[in-house]
Amino acid sequence: MTYTQEVQHMCCVAQGANHGPAPIPEEGKWVKAKEIKDISGFTHGIGWCAPQQGACKLSLNIKDGVIVEALVETLGCSGMTHSAAMASEILPGKTILEALNTDLVCDAINTAMRELFLQIVYGRSQSAFSEGGLNVGAALEDLGKGLRSQVGTMFGTVAKGPRYLEMAEGYCKRIALDKDNQIIGYEFVNLGKFMDEIKKGTDANEALKKVTGTYGRFSEEQGAVKFIDPRKE
C-alpha cells in the first residue's frame, strides 16, 4: 500500500470509535457481519430489465455466504425463461458476492440479484428471526402443490371492460357477470394439478373436471346472469 507524502508525515491519532459493525438479525441470531461467510438467510428480490419489458422474482437460501437454493421466476419476456434456466444452474454453490458479480444472462435477473444482495447484507431476510433458518427446499413451498408460480394476468379496455385471464388458483376459463354486467366470480382450471392427474394416467376429460373450481358468486342462484369466455367474448 502506498501513502502520499502528506499522510506519511502525519502523527498517529487513536481511533476511539472502533466498535465494529452493528449486529444484524440472521436466522434467529444477532451477527456482526464482517465477511461474506457471515451472511445467512432466506430472502426474495425483484428485478426488471432496462426497457422494463420483463421482471424477475429471485428467491435464494444462503448458508454461510453460499447460495444453496435458488428459485428463479420470470414474467413478460420469452427470452427470460431461458435465462432463468441458465441462472438456476449458475447460482447454487456461489457466494453471494460471486453471484452479484456474475452475468446471470438476463438484466432483470441481474437486477433482482442486486436488490436481494442489499436486503440480505442489511439483515432484511425472511428468516431473520427464524432459529436455524429455513430448510433447503423452502422456496418450492412458495409455489404450492402444483409447483407453479403465482401468476395474475388481467386485461381491460375502456370499450369492453376487464377480462380475468389467470389468477393464483389457475387459468380462468369463464367469468360470471351479474345483471349490471359486473364481474362477480370466475371458473378456473388448476393447471399444475391437471398435469399431475394426467401423469397419474387419469383421462384428460375426467382430470379437467377434477381440477376445475370456482371463486366468488359463480351460479345463477348467487346472482350470475351471464358467463363469458374472457379470451373470446
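The model is a predicted one. Its largest nonpolar core comprises 24 residues, and its largest pocket has a volume of about 240 Å³. Strands S4 and S5 each give two or more residues to that core, and they do likewise for the lining of the largest pocket.

**Nonpolar cores**

- Within the largest core, Leu58 and Leu91 have the most contacts.
- Two or more residues of this core come from each of strand S4 (55-63), strand S5 (66-75), helix H2 (78-90), helix H3 (96-100) and helix H4 (107-121).
- Helix H4 gives the most, with seven residues.
- Leaving aside residues up to four places away in sequence, Leu91 touches Leu58, Leu60, Ile67, Ala70, Val72, Ala99, Leu104 and Met113.
- In soluble globular proteins, nonpolar side chains tend to be buried together.

**Largest pocket**

- Thirteen residues line the largest pocket, and Lys57, Glu73, Leu75, Ser149 and Gln150 lie nearest its centre.
- The lining is made up of six nonpolar, four polar and three charged residues.

**Helix H6 and its ends**

- Helix H6 spans residues 191-199, with Gly192, Phe194 and Glu197 buried.
- The buried residues of H6 pack against helix H7 (204-210).
- Gly201 follows H6 and has a positive phi, near 100°.

How values were computed: Residues are numbered from 1 along each chain as its sequence is written. This is a predicted model: local features need pLDDT of at least 70, side-chain atom pairs count only at pLDDT 80 or more; totals for chains, interfaces and linings use all residues. Side-chain values use heavy atoms; hydrogens and water are left out. A nonpolar core is a set of buried Ala, Val, Leu, Ile, Met, Phe, Trp, Tyr and Cys residues joined through side-chain atoms within 4.5 Å. Buried means under 20% relative accessible area, exposed over 50%, partly exposed in between (1.4 Å probe, protein chains only). Helices (H or I, at least four residues) and strands (E, at least two) are DSSP runs, numbered from the N terminus. Contact means heavy atoms within 4.5 Å. On a 1 Å grid over the protein atoms alone, a cavity is a set of points where a 1.4 Å probe fits but cannot get out, and a pocket is an open set with protein on both sides within 12 Å along at least five of seven lines; lining residues have an atom within 4 Å of a point. Grid points are joined across faces, edges and corners, and a volume is the space filled by probe spheres set on the points. Ala, Val, Leu, Ile, Met, Phe, Trp, Tyr, Cys and Pro count as nonpolar, Asp, Glu, Lys and Arg as charged, and the others, Gly among them, as polar.
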